[in-house]
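I opened my notebook to look up a few places in this structure. Here is what I noted, entry by entry.

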Amino acid sequence: MHADLSLQQSPPFSVPARFLVSAPLFGLIAALVMLWHGPEMISNRWTPELLAVTHFLTLGFLAMSMLGAMMQLLPVLMGMVIPRPVFFSRLIHIPLFLGSAILGTAWLMNITQLFIIAMFLLGFSFTVFIIIATERLLRSKNRHATRGMMLLALLALFITAGMGIYLAIAYSSPEFPLARHLSNLHLSWGLVAWAGLLIMAVAYQVIPMFQITDEYPAIHQRWMGWLLFIAMLSLSLAYSLQLEILHTLSTILLAGCLLTFALTTFWVLQTRRRQIPDLTMKFWQLAMASLSALTLTWATATLLDWKLPDFLIGVLMIHGFAITTINGMMYKIIPFIIWLHLSTRNKNLRDQGERSSQVKVPHMRKIIPETAGLWQFRFHLVSLLLLILASLWPQWFFYSATLVFAVAQATLLFNLLNAVHFYKTKITELSNQQT
């Protein structure tokens, strides 16, 4: 069953918008850094440039957009009331934005003091968000599976942030021991647990709602999150105790969970009853194809003891799965909240007997024109394919892949800014008609 929607609890437009519009800016910065430093930066996973780009994408794009989406979806899906939402969103957004930028700069310029500043800002942002969101979720009367998945995702975010702070301190202080295996766990907890669990939780709601499909099977919704979280705990134990057999089994279980989610999502999308072509569905399909390719490749390499290029794994997980999913959801979330806020204002005017002051609210599909979104999807798809090739033959494909990725991120930023401009224009029109 869907969680009951509480549209009246929707926060002001600026609350999610500031996060979602910031995300492609960091994607564009990451692409420019890659263009500047060239294919040598992906020669191994520990180059400062690749570490900077990874965190521009995981913090600046993924965490930024996921926190923004949660600030919109938690009140609507869970019926939560976020106290002073505009102030709260600024309190989270500003240190997250600055911390993400400063952390990437710390690696690029090798300034150890910047690691401490970045960790303070990011630690503050994540701590405040986790405390408020967890407290509100625990108080929520909604007992849908999405609630439990979001709580597990927040716990995964807490673990990810804790490991990140430890690693940043180790990078900035030669006296502090640097445990390399924690880097693998930090990445896994962030991408597989935090991002994966949150995307699953949101998918259970937004795919049936917006795509008009059947719901995910009840057993999937009830147990998939717990299985994935237990697999991550098992993987952490395997790293700590250096148990190879437990590491292999944990990896296979994780891959099985992710592959099951991908295949189930493909099946759910096949039950779609709306015949109109949908841009967001293309992003979902691409994301699930990337996740399927990643899990099959990852599990096979683990079983056969193959060495996969680290950059290939990152491309499939970060770009192919996580960024693709969020990119597609942006084309639903931004138009939906614009349509919702403008429609609510019109309703209030009708209730006050001021019908002449209403503004025309277009269909959601026209707030961001389908053609503009489709071109951005094409750039995104081509950049993914080229980045996969660049992971195998960097000298041939790195620059073209990075350039197309920059174009894709710039186009997404342009589309979102156009939508924000549309909203502000309509709000100004409403204000002028009422005066």
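**Entry on two helices.** I worked from a predicted model. I began with helix α6 (residues 181-211) and helix α9 (residues 279-304). Their axes come within 12 Å and cross at roughly 145 degrees. I noted both values because two packed helices are described by the angle and the distance between their axes. Next I looked up the handedness: α6 passes α9 in a left-handed crossing. On the α6 side, the contact is made by Ile199, Ala203, Val206, Ile207 and Gln211. On the α9 side, I listed Thr280, Met281 and Trp284.

**Entry on a surface patch.** I then turned to the surface. Ile219, Trp223, Trp226, Leu227, Ile230 and Leu253 form a nonpolar patch there. Together they have about 630 Å² of accessible area. Which helix gives the largest share of the patch? I found that helix α7 (residues 218-241) does, with five residues. I picked out tryptophan 226, which sits in α7. Its relative accessibility is 47%, so I wrote it down as partly exposed.

**Entry on glutamine 376.** My last stop was helix α12 (residues 370-392), where glutamine 376 lies. Is glutamine 376 buried or exposed? I marked it as buried, because its relative accessible area is 0%. I set aside its neighbours within four places in sequence and looked for contacts. Glutamine 376 touches Phe283, Asn327, Tyr331, Ala408, Thr411, Leu412 and Asn415. I also checked a distance to leucine 138, which is 238 residues apart from glutamine 376 along the chain. The C-alpha atoms of these two residues are separated by 38 Å.

Conventions
Residues numbered from 1 in each chain as written. Predicted model: local features only at pLDDT ≥ 70, side-chain atom pairs only at ≥ 80, totals over all residues. Heavy atoms only, no water. Patch = residues over 30% accessible without salt bridge, like charges linked within 9 Å, V, L, I, M, F, W, Y side chains within 5 Å. Areas by Shrake-Rupley, 256 points an atom, 1.4 Å probe, with all protein chains shown as cover. Salt bridge = Lys/Arg side-chain N within 4 Å of Asp/Glu carboxyl O. Helix = DSSP H or I, 4+ residues; strand = E, 2+ residues; numbered from the N terminus. Buried < 20%, exposed > 50% of the residue type's maximum accessible area, 1.4 Å probe, protein only. Axes fitted to C-alpha atoms, helices over the stretch in contact; angles between N-to-C directions. Left-handed = near helix turned anticlockwise from the far one by under 90°. Contact = heavy atoms within 4.5 Å.
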